[in-house]
Amino acid sequence: MKKNKLKISDFSKESDQLVHIDPKDFIPLPPPYDKIEDEPIWKEIKPEYRETHECTLDDTVAVGIPKPKTPEEEKELVDKFVSGLRKLFEKENNWTFLQQLMLSLEHCAKCQTCVDACPIYEASGKNDLYRPTYRSEIWRRIVKKYVQKKPFSSFTDGDIDLNWTTVARLIELSYRCTICRRCAQTCPVGVDNALITHELRKVFSQEMGIAAKEIHEKGSVLQLKVGSSTGMNSEVVKDNIDFIDEDMTDITGIEVKSKWDVKGADLMLIHNAGEIIAWPENPGAFAIILEAAGINWTMSSEAVAYDGINYGLWYDDVQLARVAIKHAQAAKKLGVKKIVVGECGHAHKALTVIADRVLVGDLNVPRESAMTLLEDIVFSGKIKFDPSRNDFPVTLHDPCNMVRLMGIVEPQRRILRYLCPQFREMTPHGVHNYCCGGGSGFAIMSAHNFTNWRVAVSGRKKFKQILDAYSDCPGPETKKYLCAPCSNCKGQIRDIFQYYNAKEKSNLIYGGLVELIVNAMVDVKPGFISWEDAF
Amino acid sequence: MAIFEQGDVKIDVDEDGFMEEPDQWNEKVAVALASTEGVDELSEDHWKLINYLREYYAKFGIAPMIRKLCKETGFPLKKVYEMFPSGPAKGACKVAGLAKPTGCV
């Protein structure tokens, strides 16, 4: 039985909190994670913060805009929102997404097919607030009534009251969707609710200067200023890669030397710089594989270009363009034949798909996914493998941007089927797979109790899916590996495993694809992947 | 931004309790911040780790790679988690007065 019946009109009515989240409503996880009383207790949002910031949506907060002090401030927020929305429908201001947006505005048949595809809605226990159509319908009604000023739209399209509460809650609600596009995939008409989330965030950022701090101020702004969202400047990144090379040489017994700024190289590899800091074995494994295959490769030490992240993808077209152009310029400067994007899903979408709209002329350097490159290398016969070294249960997480969006489904699977004797699929998988729950920037957002929400709610379906893939060997006596070829997904999965203590309870570790490839290389000392060192 | 106050320690912190002004750090601040991380007493090993983090931060302006931290202090990651239950980034860096790590880390 559903407890709450949330109406569209409730959204604009001021109240202490629109909905509550109750762990009792969550979909159950398999044992030993099935006891509600074992669910970690959520951190509280501090009362003094609640008093001064907008926290009236659900039990968490992602952006937390300050409450207005005067009626003028209230009005200003609403007015800016309406004028920003207007720009979304002007060709000169939104030529990138206007066509898809018009389709999503006009053609939703309200059939609610998309609702059941949403992992957040399902995992929350079908909380109406998280229906993909709830957010979209509010946006649609606002557009009809206040932007298009359609006569009698309140009767034909449904009414909505636009006030400070509506806008403030909509800012928060635009950060309760991971933009995984499972809803868009299932829509019989082609309506894209995730695009609506994106376009809302875009208005908030580009027109109102409002965005989640982690992805804007500490993300794309920092990347453009220092060179990387991690804060690494060019010197630090080189120093860190030197360290990784030495470390990998020790671990593998193979001399590892990463390449910087090689002019005319066959390919320029761009990692998500978070890998270098948090998962150094990933860039290390890439270097080992590329060297062993005899490839003429390089990385660029140019600011911005040694960090493949492009957080603008999730919230701001201008920031996206600025970063994408830097990436392409670095490749052009070196005169490389192509750019290869490392194991980072959103970097794939940003640089290989969306950037097509800004990289014109000779900036349109060919771009390729690491997945296809790795497949070519693994099956080239240049490297000797011993798949028995990977004889433990392995399942594969499909990063939404790489798989659902771009259709890169089989290359990574062909590698795993060849190198991992106990490879098994999740259900569902491939283009139908579930998001890790950390998409659209969530994996790096942890202020207040947002980690509780993004793990227990938005990541829940994924965790269940992972555990179900090992239902034949759930206990800690079996070492298990989750292959997640995406930095953002790894960050989220790390937090899920830590939250539920999955290393201890299930002996479950995670990592990328290249680590499995190196672990199976005959020339490498056995034990590149280690359960003992994983934490 | 919020203010964290304990005894005679009063500092500006972000939503996660990381220092906004790392220059305000001193040993008393470390002890106070450690208590928020479930660390009641700072042992010699704790200080070794904290000092390493601070020296690295002073030199490079960011937190070190976790693997580098482990190798150069000689503490395996497991030991770091034993010392700081929230881990190297959210626990140790916070107590050492570093700003919250940024990016996909």
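Predicted model: local features only at pLDDT ≥ 70, side-chain atom pairs only at ≥ 80, totals over all residues.
**Domains of chain A**

Let's start with the overall layout. Chain A is divided into three parts: domain 1 spans residues 8–208, domain 2 covers 217–375, and domain 3 runs over 383–519. Taken over C-alpha atoms, the centres of domain 1 and domain 2 of chain A are 33 Å apart. Where these two domains of chain A meet, six residues of domain 1 are in contact with six residues of domain 2. On the domain 1 side of that meeting place, one residue is nonpolar, three are polar and two are charged.

**Where the two chains meet**

**An open sheet in chain A**

Four strands of chain A form an open sheet with parallel pairing, in the order β2-β1-β3-β4. Which strands lie at the edges of the sheet? They are β2 (297–298) and β4 (367–369) of chain A, each of which pairs on one side only. Strand β3 (residues 339–341) of chain A is joined to β4(A) by three bridges, and Ile339(A) stands opposite Arg367(A) there. Helix α14 (residues 317–334) of chain A packs on this sheet and touches β1 (267–270), β2 and β3 of chain A. The direction of α14(A) makes about 150 degrees with that of β1(A).

Another strand to look at is β7 (residues 480–483) of chain A. Lys480(A) and Leu482(A) point one way from β7(A), Tyr481(A) and Cys483(A) point the other way, and all are buried.

| Strand pair (chain A) | Bridges | Sense | Residues standing opposite |
|---|---|---|---|
| β3 and β4 | three | parallel | Ile339(A) and Arg367(A) |
| β5 (residues 394–396) and β7 | three | parallel | Val394(A) and Tyr481(A) |

**The nonpolar core**

The largest nonpolar core has 191 residues. Those with the most contacts inside this core are Met268(A), Ile289(A), Leu374(A), Cys483(A), Ile517(A) and Val518(A). Helix α14(A) gives the core its largest share, seven residues. Which residues does Leu374(A) touch, leaving aside those up to four places away in sequence? They are Pro411(A), Ile415(A), Leu513(A), Val514(A) and Ile517(A).

**A closer look at Asp523(A)**

Finally, find Asp523(A), in the segment after α23 (513–519) of chain A. Is Asp523(A) buried, exposed or partly exposed? Asp523(A) is partly exposed, because 14 other C-beta atoms lie within 10 Å, and a buried residue would need 20 or more while an exposed one has 12 or fewer. Not counting residues up to four places away in sequence, Asp523(A) touches Ile254(A) and Lys384(A). Asn163(A), by contrast, is 360 residues from Asp523(A) in sequence and 65 Å from Asp523(A) in space, C-alpha to C-alpha.

Definitions and conventions
Residues numbered from 1 in each chain as written. Chains lettered and ligands numbered in written order. Helix = DSSP H or I, 4+ residues; strand = E, 2+ residues; numbered from the N terminus. Pairing = 2+ DSSP bridges. Domains from an automatic or database assignment. Contact = placed C-beta atoms within 7 Å. Nonpolar A, V, L, I, M, F, W, Y, C, P; charged D, E, K, R; others polar. Axes fitted to C-alpha atoms, helices over the stretch in contact; angles between N-to-C directions. Core = buried A, V, L, I, M, F, W, Y, C linked by C-beta atoms within 7 Å.
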